[in-house]
Amino acid sequence: MDQVLAILGFALVTAFTPGPNNTMLMISGANWGMVPSVPHMLGITFGFPVMVFAVGMGLGGVFEAYPLLHDILKYGSFLYLVYLAWKLARAGRHDASGARQGRPMSFLAAALFQWINPKAWIMAISAMALFVPAGSAMLPAVLLLAAIFALTSLPSAATWCLFGTAIARFLDNDRRVAIFNGAMAILLVLSMVPTLF
C-alpha cells in the first residue's frame, strides 16, 4: 500500500503540473469549451498509460542502446511542437463568416501526441526508474503504474480544460483570443526548451 500511495502521489504531481498536454487542454477549453474537448482529454487518458506500459516493457531500453534515436525523437518532437504552437496561436479567432477557426485535438491525435511529448517521456522513464525495482516481476509493476496514470490523467485533463473554460469569458473578442493563444503558444514552446539540453 505504501508503494501504491507513493506512485499515486508521483502521478498526481506530474499529471497536474504544467506541460504540453495541460497547456493545450487549457487552450482547447478556452477556445472550444469542455464538451468539444472531451476527445482530446480521453486521448491523453488512454495514450499516456499505453506509453507507460510500452516503456516499462522495454521501449526505454531501445533508446539506451541507440541514443541517436532518442536525439531524433527529441528534436523532431520539438519541431512538431513548434508547429502545433503556431496552429494553437492562430486558433479560436473568427473567420469572415463568423465561425471559429480551428478545432480541438482529436482522440487519436491526443493519444499519439504522447509519443512525441518530452514531458510524457520523462514522466514514464522516471516512474519506471523510481517504482519498478530491478529484479521484480515486471508485468504487474508496469500494469500498476499504467493503471494509476490512467486514473490521474482524466482528472488532470478535466481540471486544465475547465480552467480554460473559466478564462474563456475574458476572451470576448478576437484581439484577446489572439493575445491569449499567442502567449500560451509561447509558453508551450518554452516549456519544452529545457528538454533539448
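**The nonpolar patch and the spaces**

Tutor: Helix H3 makes the largest contribution to the nonpolar patch, giving 4 residues. This is a predicted model, where local features need pLDDT of at least 70 and side-chain atom pairs count only at pLDDT 80 or more, while totals for chains, interfaces and linings use all residues. Residues are numbered from 1 along each chain as its sequence is written, and side-chain values use heavy atoms, with hydrogens and water left out.

The patch on the surface is formed by Val-38, Leu-42, Phe-46, Val-50, Phe-107, Leu-108, Leu-112 and Leu-154, which together have about 680 Å² of accessible area (Shrake-Rupley method, 1.4 Å probe, only the protein chains shown counting as cover). Two or more of these residues come from each of helix H3 (38-65) and helix H5 (107-113) (helices are DSSP runs of H or I, at least four residues, numbered from the N terminus). Patch members have over 30% relative accessible area and no salt bridge, and nonpolar side chains (Val, Leu, Ile, Met, Phe, Trp, Tyr) are joined within 5 Å; a salt bridge puts a side-chain nitrogen of Lys or Arg within 4 Å of a carboxyl oxygen of Asp or Glu. Take Phe-46, which sits in helix H3: with a relative accessible area of 47%, Phe-46 is partly exposed (buried is under 20%, exposed over 50%, partly exposed in between).

The largest cavity has a volume of about 160 Å³. Its lining has 18 residues, and Ala-15, Asn-21, Asn-22, Ile-44 and Met-123 are the closest to the centre. At least two lining residues each come from helix H1 (2-16), helix H2 (20-32), H3, helix H6 (118-131) and helix H7 (138-168), with the largest share, 4 residues, from H2. The cavity lining has 8 nonpolar, 9 polar and 1 charged residues.

Of the 18 residues lining the pocket, Leu-84, Lys-87, Arg-103, Pro-104 and Met-105 lie nearest the centre. By class, the pocket lining has 10 nonpolar, 5 polar and 3 charged residues.

Definitions and conventions:
Patches are made of residues with over 30% relative accessible area and no salt bridge: like charges are joined within 9 Å, nonpolar side chains (Val, Leu, Ile, Met, Phe, Trp, Tyr) within 5 Å. Buried means under 20% relative accessible area, exposed over 50%, partly exposed in between (1.4 Å probe, protein chains only). On a 1 Å grid over the protein atoms alone, a cavity is a set of points where a 1.4 Å probe fits but cannot get out, and a pocket is an open set with protein on both sides within 12 Å along at least five of seven lines; lining residues have an atom within 4 Å of a point. Grid points are joined across faces, edges and corners, and a volume is the space filled by probe spheres set on the points. Ala, Val, Leu, Ile, Met, Phe, Trp, Tyr, Cys and Pro count as nonpolar, Asp, Glu, Lys and Arg as charged, and the others, Gly among them, as polar.
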